[in-house]
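Work through the exercises below with the sequence and the 3D view at hand. Each task is followed by a solution in steps.

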Amino acid sequence: MLYLIRHGQTNLNKTRRWNCQSDEDINEEGIKQAEAAADAVEKLPLDLILCSPLIRTRHTCEIINRNHVPVIYDKRLMERCGGIITGQPYEYYDHDLYYNLNTKDFPEGMEPLSDFMGRVHELLKEVEEKYREKNVLLVTHGGVSRCVKYYFEPIPENGAINKDSKTQNCEIRAFAFGVGEIKMEEQV
């Protein structure tokens, strides 16, 4: 089984700004969210945690890992590099363009969505091959959660991966290889 949790809230999340790869810690609300999520994570039969190396995910992982499950930090789980939009208000760049595989013209320094999705899918393929019989938790970001969803589901013809795919701060999702997303209520 593959589980995924998004990091707790940051100040950039709170002020509706593009977080991207900024290395910002979770705020007080984010700590509370992680502490609340730790109750559910503690009940999961985890064998391994894979975590983005950014501080907001590392801190979230420290809080939720009450069972002291082994942790591997993997750069492929980092949020998409946003280039010049990092730290800007959401209105600075259109979400529909940001999360569309057909977008070809990017702001300076932005990682193409196809590259971002490619690195996340590469990691998922590796997890599927190496840990298929294990229970693995990904501690990661909102953009990565969208990429995970579309590892298990077909990408829409219009290239948009932003509809109904955002994971809220400290929301936990579950996936089974060969099946797709599974309701968390069935897991805890």
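**Exercise 1: A cysteine in a loop**

Cys 170 counts as buried, because its relative accessibility is 10% and buried means under 20% relative accessible area, exposed over 50% and partly exposed in between (1.4 Å probe, protein chains only). The model is predicted, so local features need pLDDT of at least 70, side-chain atom pairs count only at pLDDT 80 or more, and totals for chains, interfaces and linings use all residues. Residues are numbered from 1 along each chain as its sequence is written, and side-chain values use heavy atoms, with hydrogens and water left out.

Solution. Step 3: most residues other than glycine have a negative phi. Step 4: Arg 16 also has a positive phi, near 55°. Arg 16 is found in the loop between helix H1 (11-14) and H2, and at 48% relative accessibility Arg 16 is partly exposed.

**Exercise 2: Salt bridges of Arg 66**

Task: find which side chains meet Arg 66 in a salt bridge, a side-chain nitrogen of Lys or Arg within 4 Å of a carboxyl oxygen of Asp or Glu.

Solution. Step 1: Arg 66 and Asp 39 form a salt bridge of 2.6 Å, N to O. This pair links distant parts of the chain, with Arg 66 in the loop between helix H3 (55-64) and strand E3 (71-73) and Asp 39 in helix H2 (residues 28-43), 27 residues apart. Step 2: Glu 42 and Arg 66 form a salt bridge of 3.0 Å, N to O. Here Glu 42 lies in helix H2, 24 residues apart from Arg 66. Step 3: the relative accessible area of Arg 66 is 34%, which is partly exposed. Asp 39, at 38%, is partly exposed, and so is Glu 42, at 36%. Step 4: the whole structure holds 10 salt bridges.

**Exercise 3: The surroundings of Thr 10**

Task: is Thr 10 buried or exposed, and which side chain makes a polar contact with its side chain?

Solution. Step 1: Thr 10 sits in the loop between strand E1 (2-6) and H1. Step 2: Thr 10 is buried, with a relative accessible area of 0%. Step 3: the side chain of Thr 10 makes a polar contact of 2.7 Å with the side chain of Asn 19. A polar contact is a pair of N or O atoms within 3.5 Å; within protein, one must be able to donate a hydrogen and the other to accept it, and residues adjacent in sequence count only if both atoms are side-chain atoms.

**Exercise 4: The sheet**

Task: give the order of the strands in the open sheet and name its edge strands.

Solution. Step 1: the six strands have the order E3-E2-E4-E1-E5-E6, with mixed pairing. Step 2: the edge strands are E3 and strand E6 (180-182), each pairing on one side only; two strands pair if DSSP finds at least two bridges between them. Step 3: E1 and strand E4 (residues 136-140) run parallel and are joined by five bridges. Leu 4 has Leu 138 in E4 as its bridge partner.

Notes: Helix = DSSP H or I, 4+ residues; strand = E, 2+ residues; numbered from the N terminus.
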